[in-house]
Amino acid sequence: MIDRRKPVFLERQTYRRHRLIDASRLVPLAGAFLFFVPLLWEYKVVAPDEQGFLAERMVYLFAVWFGLVVLAARIAARLRPEDFDRDHEVDVDPDSRDRG
Amino acid sequence: MGQHVLLIEDEPNIIEAIRFFLSRDGWKVSCHSDGASAVAEVARVSPDVVVLDVMLPNRSGFDILKDLRADPATQATPVLMLTAKGQTKDRERAAHLGTSAFMTKPFSNADLREMLRSLIQA
Amino acid sequence: MLPYNILVEVCVIYAALLFGVAFLAERRAKRGKLSWLRSPLVYTLSLSIYCTAWTFYGAVGYAARSGLEFLTIYLGPTLVMVGWWWVLRKLVRIGRRQRITSVADLISSRYGKSAVLGGVVTCLMVVATTPYIALQLQSVTLSFGVFARPAPEGLAMPTQSVTTIWVAIGLTVFTVLFGTRNLDANERHHGVVTAIAVEALVKLAALLAVGAFVVWGIASGPSEIMARINASPIAKVPADGSRWFALIFLSGAAFLCLPRMFQVLVVENEDERHLATASWAFPLYMALMSLFVLPIAVMGLAVLPAGSNPDLFVLTLPLSMDRNALAMLAFLGGFSSATSMVVVASIALSTMVSNHLVMPLWLGFRRGGASMSGDVRQLVLMSRRLSIAGVLALGYTYYRISGGGEALAAIGLISFVGVVQVLPAMIGGIFWRGATRIGAAAGILSGFAIWLYTLFLPSFGPDVLLSAALLDHGPGGFGWLTPQALFGLGNLDPVVHAVMWSLVMNTTAFLVGSLASFPRPLERLQGAQIVNVFDYSTGRHGWARSFVEAEDLLVMSQRIFGPREAQALFLTEALAQGKDGYLPDPTPEFIDRLERELAGSVGAATAHAMIGQIVTGASVSVQDLMAVADETAQIMEYSSQLETKSQELARTARQLRDANQKLTALSVQKDAFLSQISHELRTPMTSIRAFSEILMSEADLTDADKDRYSRIIHDEALRLTRLLDALLDLNVLEHGQATFRPETVVLRDMIDRAILSTSGVRSAQPITIVRNDASEAVILHTDVDRLSQVFINLIANARKYCVAPQARLTIRVVRVDGQTAIDFIDNGAGIPIVSQGLIFEKFSRLSDQSAAGGAGLGLAICREIMVRLGGSVSYLPGQGGAAFRVLLPQTAIIRAA
């Protein structure tokens, strides 16, 4: 008979792949936080003779934006075809999936 | 007056033979062929002795014996068991269930007659 | 300024180019050359239909009015894309696995293939998307108007509405041509997608070119732009935190729910792995599209005369600097944005309208006529084409009614809030198995209603659809029902107000409805399959838990297939399972197979209902049947290797189990054999001994008694002899020592003789024998005595044991797989399944009562005889009584009937 038990520890490669996917899941959370930073900015009516900070704020947002792009691209480049079949919740060795 | 024997047996020829020679000896012979209603028949007829075959239609002789021994009314009635199988296993089982005597077919008419007599006197 | 006719010419040439691209792509796809058509790049670029004319023109206007807030529209989708592992991956997988064709289809499938839900979602999507299409038509028209100036020698410039009509007609033609080529939405629209990818490049290039021109052409570089931004009036606009939050959420949600986005994201997806590329490439695309928006807005406000429409700065800035080529590129960019959105949106909407409104209604009108498949196919294509025209006509009508003067961004947001009403049902549906149809319908309808009331209807302005009094003071003076200030929340921005109330009510209704209602079986099945889409092994709910008698199934199958086919099917299956006889174990696989076979005869629905009745004892709805069909597809995808292995194991296990059972039974029988033979011999001996003793010892016997007792002794002696003969006979047969003397004979005569020789059998009542003379005209060459012995035994058994009120024995000759068989079927109580495997064993009688005649050796002898003759005799279950089949050896038959 085939052993149905799932291995307790995954081998190093598989472990790395799981953490890669965890990272992929974390990217939007980090992005959301950084994109909501503007909620904390001071929005007062700027007097006609004062300068605003609009340009700096724009630069901040675009910096976060491009940062997310780079991060997502690096993760996407490391994914392998078999990673696409992995379930959300279950942290199992891909080889043991078929036995379940 | 002759004693009353109830013969519980399903093979017609054997019934006829036993009935013939026991009647001649002055026995009163009743017959019954069905296993399921045998216990009720014993209670109804209340014979002095019962001759009980093991292989009966609908119910085995062992089961009937067990019921007879469980009922206070029939508990004391002597029972002679007859079997055509004749294995030790059957003999032990019958003894365990409380049969008074045990005979294997084919039997000698004289032996059966003697056995019944001794059962009634005991 | 460009003359109008040149503008028209450029447009026509550009459109022709797109037609060409789409045509070439379709042709390549048809030839199977899909290499670059299937690249992740094309997928990413096709997503760019998110950036419509609203982005291309509207974003600059939005920025000029509200500063950085325009970015929220792209930040939401960016988060959804980089977070693809959460939702998009699952949506795409579900879309592929369940062959989803649209948002309405997803919602409908998830909630038990509910036609009503599909229709509701379709209506919602049509209502919410129409203004958006109107917006695109308006932007193209507007750009024409601003851009072109009537040239004295050229065409006379037509009115705006005429331009709009021509644009709408051109888009309809393109969409119908490339959008309704094939019926199956899973065969993707390669032509359209490729054309859209080209348009995506054009609009990106145009906006970057205009941006670069503004930064380095008008201004001196980034630093000057930064300074100008901070000095501009835009920097002094106070921002609204609630809008920032709400709009990021809204745009992210709309990105998933918009029909056109669902079309390109899920339906047109070729390969799930493209998502990984798009997850970063599409945010990059949107960032590049947004990069120069604020600089263009700031420079436009600074350079152009006061009062210029900021929505058109992208065009008017280059024009004011006499950069006609750049302006032309910008115009084409805007044109691309509008057309690509309209094309995909109308394809997506037409699929929904035709699948969820037209087809259900049509099928409802002509019930029972749906069997003509060719007919339906044409109808679907036609209804899609008409739907496309209808959607564009609606957009045009909305454009005419609304007057087209409003700020572009406002319409876009109204539309977003509308489509987002499917979000709770969609997300809840793919992550929560407890979501039900009732909940989904309650959520969508309440959200839809609140959206109409608080945002859509008021958007037409006071006294158009809602009276000014109602807008200001609520219906009938109930202030707390004022459309844009429900329950007194009047301080909120109208869009935030509508998003909040509609989604809060929507989600609440969805959750409460789901918790309070009970899903139908199909809903639960679909829910499980969709929520657990990554987990193949669930979703298998065949007939696994059933406890069913194979005999019942055989009885039913015989009624439908006729006995021969049914028995052949069962026999094959039993052999495959490694079992003897006609009754295989009713495994789920076998029941599935049987159902498929039945479906071929009586139709799937009936077959399922019949099997369901036997297996579960309950009636089964047609919906279960649909679910089963889905499951079958799932099971087939399920690793076939695993399947084969487990089947093999199951077969071996079954063989072992059977063998073990048989051995145990045989060993019990061996034990019983000795005591049986003892009993069989001793019983007649008892009579013999008893009567011979009577004869010997009793002196005064009458002659009649003597005579009678001698006869009994004689009869019992004969009985003993018969028994010994049978035992010896069996022994000879079993050890292959019997000799056979073949003769040629007609089967009919043999049966005649067998019936005759059993006429003396002691039986409770007379039996009627039913025969078919014609079929018995078979000429045999075999050992007539031995075969007769078998017939006599079977007929005598029927005479002895058939206890029906009107006993009847049917003898029929049938052909089974090219062999001739004779069935002996009575209408008595039959033989219980537990005994069927043992009746051919020695001394296996069913009860002692039946000991009347034989010694329990008859069937054992029959079997041995048939084996020696090269045929077989077996018990035939499911005939409504005891039934035996004698299969004649092929070699014995000289001429068949």
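In the predicted model, the contact between chain B and chain C takes 18 residues from chain B and 18 residues from chain C, two residues being in contact if their C-beta atoms, placed from the backbone, lie within 7 Å. On the side of chain B that touches chain C, the largest share, seven residues, comes from helix α1 (residues 12-24) of chain B, where helices (H or I, at least four residues) and strands (E, at least two) are DSSP runs, numbered from the N terminus. By class, this side of chain B divides into nine nonpolar, five polar and four charged residues; Ala, Val, Leu, Ile, Met, Phe, Trp, Tyr, Cys and Pro count as nonpolar, Asp, Glu, Lys and Arg as charged, and the others, Gly among them, as polar.

Residues are numbered from 1 along each chain as its sequence is written, while chains are lettered from A and ligands numbered from 1 in the order in which they are written. As this is a predicted model, local features need pLDDT of at least 70 and side-chain atom pairs count only at pLDDT 80 or more, whereas totals for chains, interfaces and linings use all residues.

Within chain B, the axes of helix α3 (residues 61-70) and helix α4 (residues 88-97) come within 9 Å and cross at roughly 15 degrees; axes are lines fitted to C-alpha atoms, for helices over the stretch in contact, and angles run from 0 to 180 degrees between N-to-C directions. The two helices, α3(B) and α4(B), are therefore roughly parallel to each other, a term that covers angles under 35 degrees. The contact is made by B:F62, B:L65, B:K66 and B:R69 of α3(B) together with B:R93, B:A94 and B:L97 of α4(B), and it comprises four nonpolar, no polar and three charged residues.

Two loops of chain B carry local backbone features. A cis peptide bond with omega of about -10 degrees joins B:K105 and B:P106, and B:P106 is found in the loop between β5 (101-104) and α5 (109-121) of chain B. B:S46, although not a glycine, has a positive phi of about 35 degrees and is found in the loop between α2 (38-45) and β3 (49-53) of chain B.

The secondary structure of chain C comes to 34 helices and 10 strands. Of its 897 residues, 47% count as buried, meaning that 20 or more other C-beta atoms, placed from the backbone, lie within 10 Å of the residue's own.

Five strands of chain C form an open sheet of mixed pairing in the order β4-β6-β7-β9-β8, strands being paired if DSSP finds at least two bridges between them. At the edges stand β4 (768-770) and β8 (872-875) of chain C, each with a single partner strand, so that one side of each is left without a neighbour in the sheet. The twist averages 20 degrees from one strand to the next. Strand β6 (residues 808-816) of chain C runs antiparallel to strand β7 (residues 819-826) of chain C, to which eight bridges join it, and C:R815 stands opposite C:T820 in β7(C). Helix α32 (residues 784-801) of chain C packs on the sheet, touching β6, β7, β8 and β9 (883-887) of chain C, and its direction makes about 25 degrees with that of β7(C). Helix α34 (residues 858-869) of chain C lies across β8 and β9 of chain C and runs at about 140 degrees to β8(C).

Conventions:
Angles under 35 degrees count as roughly parallel, over 145 as roughly antiparallel, 65 to 115 as roughly perpendicular and the rest as oblique. A residue is buried if 20 or more other C-beta atoms lie within 10 Å of its own, exposed if 12 or fewer, and partly exposed in between; C-beta atoms are placed from the backbone.
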